[in-house]
Amino acid sequence: MALLTPSAITLGVLALSCILFMSGKIRSDIVALGSLLILLLTGVLTPEEALSGFSSQVVIMMVGLFVVGAGIFRTGLAKMISGKILKVGGKNENFLFLMVMLVTSCIGAFVSNTGTVAVMMPIVMSMASSAGISASRYLMPMAFASSMGLFTLISTPPNLVIQEAITGAGMEPLGFFSFAPVGAVAVIVGVIVLFFLSRLLVKKDGDASSGKEKKRRKTAAEIVETYNLEHQSFKVSIPESSSIVGHTLRQLRIGSEYDLSVGRIIHAPQRRFSKITTEEVAGPDSRILAGDTLIMYGSRENAMRFVEEKSLGFDRIDFNAEAETVETGYAELYIIPDSHLVNHTIADCKFREHYSVNVLGIKRSGEYSVDDIKDVKMHSGDALLIQGTWKNIAALEDFNEDFVLVGQPDKRMAKVTLDAKAPVAAAIMVAMVAVMVFEIIPAVAAVLVAAVLMVLTGCLRNMEEAYSSISWSSVVLIASMIPMSVAFDKTGITDSISSFLLNGFGDVGPRGLLAIVYFSTSLVTMFLSNTATAVLFTPIAMNAAVTMGVSPYPFLFAVAVSASMCFASPFSTPPNALVMSAGEYKFGDYIKVGLPLQLIMGVVMIFVLPLIFPF
């Protein structure tokens, strides 16, 4: 029992948390909350200390910024700005690359990087497609750029973490644009390094790697072909004598009994001398009529069993001729991190009932599947092939808190609309920034006022939409991890680590210690969230600097920057995971492109940070 000292319990809880975070078998917010409860129940933390994270200004500002960001995205403001600027890039591959990096980093300076990538991804894919360029070269750099835009205090949660530590220590707080010089260096380094490394992302298997032959946009038939759907798609005709005439799809239970999906129903002319057919996207209440043609998806074996048992006609689909119609077509949805769809099966999510579209296939880690997908649990970054009317497909853009819509025809993808409330959202955003810059009221108050105004002015429909825009899992994760740093300080672990750094590496000088802090933070960020890592390393960096007798500012900035600049893994940040499937990247692509960038960024920052914030 003597071994179960408060410090031993705290270190044990941290080690267990890291193992569970890395395994991914339990949700990160549950792990963090469980760790908090252990520290509370074992007496390491008092109830007040354990709940301190939920009243932290960092957490409250995160909540407000989620709502403000939702207003920016919901009104189409971010989409309009990014779409207009990216058009300047035209069809020049290199200039378009530069514009993607700059636009993404600038938008990411004011709203969440995940939301930025969700807005940018379909636009960038459309622009690349229109220019006949492989989108693979742009998507990973775009995800990285969303983390590089450290221009403002609110650009990333680690910035808020070190600001709270600075104000808590009674030091001069950072201004709204104190991070701008650091962000400028990060973007410059990122653009230069990725300009060359991004070429490694273009697959050397055809048009995409050729400078002379431009890659054309995939047709709908080709999109469907990548899912191997052309071999599992059929037309089934319904004679008058069929027993299924007059029944609804809900009554027939074709999915559960035959493992087949009905995508469209083409109704034969219902008037005697008419030649006009009508078409509808199949739904549970769709009724089968004599003379109808069903467009079905599934294995040939199951289709033939269905046809024979019900005495129906059978034919294959010519996708070159019938892949899309004026009213219906195909698109892809990419599941974003923190989506409520994650870990739920396709059947559970009831896409037909909720979104009026059919899910025909799923893509995960470069593997395509259309067989028995209704029981597949969805993961972050998965791509779903959907089919429905263009109207219903376009309506899916309103659910950008769950998925990103891509794969529509070029004109639809490139079309950018400006909602009537977008100028209002822009005014609120500008006013919030101005108030924070001139410190008229506290920063947390400015963010909360802006969040409330987004609802009152109609940029968000109601408070329910505002609440749904908040990533509560992220809020709980950070609020639960903040007390961990309190436990570190309370049990003396922070002092011990700081003393170890000074005694073991004190002779390397301030810059050497800065390098150790930077790369230690960078390493841990590959296994923990960037905010959780910043929470743990901020007091260590602060204590080490004060003990050494140098300014804490460069050390704290090292923690914030290194926690945000994690590129070597697809799972280190939500944007990295989001573009993995869309860019058809493998884990090794992040190593060969992201790891060199992460190391180069670290070396540059170790020399630049003391120039901006002297020791």
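**Exercise 1. Determine what share of the residues counts as buried, and how many helices and strands there are.**

Of the 615 residues of the protein, 53% count as buried, where buried means under 20% relative accessible area, exposed over 50% and partly exposed in between, with a 1.4 Å probe and protein chains only. The model is predicted, so that local features need pLDDT of at least 70 and side-chain atom pairs count only at pLDDT 80 or more, whereas totals for chains, interfaces and linings use all residues. Residues are numbered from 1 along each chain as its sequence is written, and side-chain values use heavy atoms, with hydrogens and water left out. The protein has 29 helices and 10 strands, these being DSSP runs numbered from the N terminus (helices H or I with at least four residues, strands E with at least two).

**Exercise 2. Describe the largest nonpolar core and the surroundings of Met601.**

Begin with the term: a nonpolar core is a set of buried Ala, Val, Leu, Ile, Met, Phe, Trp, Tyr and Cys residues joined through side-chain atoms within 4.5 Å. The largest one has 160 residues, and Leu86, Met121, Leu139, Met148, Met432 and Met601 have the most contacts inside it. Its largest share, 11 residues, comes from helix α4 (residues 57–74). Next, take Met601 and leave aside its neighbours within four places in sequence: its contacts (heavy atoms within 4.5 Å) are then Met148, Ala186, Val189, Gly190, Tyr518, Met565 and Phe567. Apart from this core lies another, of 20 residues, including Ala331, Leu341, Ile346 and Leu405.

**Exercise 3. Classify the ring pairs Tyr355–Phe403 and Tyr585–Tyr590.**

Rings of Phe, Tyr and Trp (its six-membered ring) pair if their centres lie within 6.5 Å, and planes under 30 degrees apart count as stacked, over 60 as edge-to-face and the rest as tilted. A search of the whole structure finds 14 aromatic pairs. For Tyr355 and Phe403, the centres are 5.6 Å apart and the planes stand at 80°, so the pair is edge-to-face. This pair links distant parts of the chain, since Tyr355 belongs to helix α17 (residues 351–355) and Phe403 to strand β10 (residues 403–406), 48 residues apart. Both Tyr355 and Phe403 are buried. For Tyr585 and Tyr590, centres 6.0 Å apart and planes at 85° make the pair edge-to-face; Tyr585 counts as buried at 3% relative accessibility, and Tyr590 does at 0%.

**Exercise 4. Work out the strand order of the five-stranded open sheet and find its edges.**

Two strands pair if DSSP finds at least two bridges between them. The five strands follow the order β3-β2-β4-β1-β5, with antiparallel pairing. At the edges stand β3 (278–281) and β5 (313–316), each with a single partner strand, so one side of each is left without a neighbour in the sheet. Within the sheet, β2 (residues 261–267) and β4 (residues 293–297) pair in the antiparallel sense over five bridges, and the bridge partner of Ser261 in β4 is Tyr297.
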